[in-house]
Amino acid sequence: MQKTTIDHLSNLQPLLSLLSQKEIQNSLIQTLEKLPELVDQYSALERNIAFIKSVLNDKESTEYLLGGLEDEIGKYIPTKDSLEALMALVHNLPKYTKYLSMVEPIMEFLLSTSRDQESVDYLYKGAQEIAGPIQQKVENGWDLIKRAKKEADQDHSPVTIFTVFKLIKEPAVQRSIHFVKALLTLASEPKLK
């Protein structure tokens, strides 16, 4: 009988030496202090698992959950067309990167210029200098059209064939006729091919 007790004590010797270490004792104390919290978490986990099992066993609940998921996930399932488009995009990515790297310095310049008030003022003044003459020509053309319309409304003289022949000899009318003739010729060429 004494031999069995000694055998048991010799088997406990490694455990006793391990328990004699200060780090192990501190860890055991911390574990024992947290034991009620761990039991609560374990109980909550058991309740959640029981709930999930009951829901999975209930066919109506399972179909309801999976049906809702199918509707939501269905929006994000890629189609053949979207996968082909993605592959084309990935295939052309080096080319797009090259173009973006070319555009990036231009964008940086534009952003830095737009932040500099002096540059903005200079560009605005330059745009006005360019747009001014164009705007003046448009206004002059519009005035000319208004005056011509006014004169045409006031002129009640009959238009004869001789008036038309006289008009055809005018250089401005000749240029316009040649322009219309060339435009009609060019416009009909693709139809012939």
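Is Asp153 buried, partly exposed or exposed? Select Asp153 and hold that thought while we look around.

This is a predicted model, where local features need pLDDT of at least 70, side-chain atom pairs count only at pLDDT 80 or more, and totals for chains, interfaces and linings use all residues. Residues are numbered from 1 along each chain as its sequence is written, and side-chain values use heavy atoms, with hydrogens and water left out.

Start with the whole chain, coloured by secondary structure. You get 7 helices and 0 strands (DSSP runs numbered from the N terminus: H or I of at least four residues for helices, E of at least two for strands). Of the 193 residues, 2% count as buried (under 20% relative accessible area; exposed is over 50%, partly exposed in between, with a 1.4 Å probe and protein chains only).

Next, select H4 (residues 80–115) and H5 (residues 117–154), which pack at about 95° with axes 5 Å apart (axes are lines fitted to C-alpha atoms over the stretch in contact, and angles run from 0 to 180 degrees between N-to-C directions). That makes H4 and H5 roughly perpendicular (65 to 115 degrees; under 35 is roughly parallel, over 145 roughly antiparallel, the rest oblique).

The structure holds 1 salt bridge. The two residues are 4 apart in H5, so about one helical turn separates Lys149 from Asp153. Lys149 is exposed at 54% relative accessibility, while Asp153, back to our opening question, is partly exposed at 47%.

Terms used:
A salt bridge is a side-chain nitrogen of Lys or Arg within 4 Å of a carboxyl oxygen of Asp or Glu.
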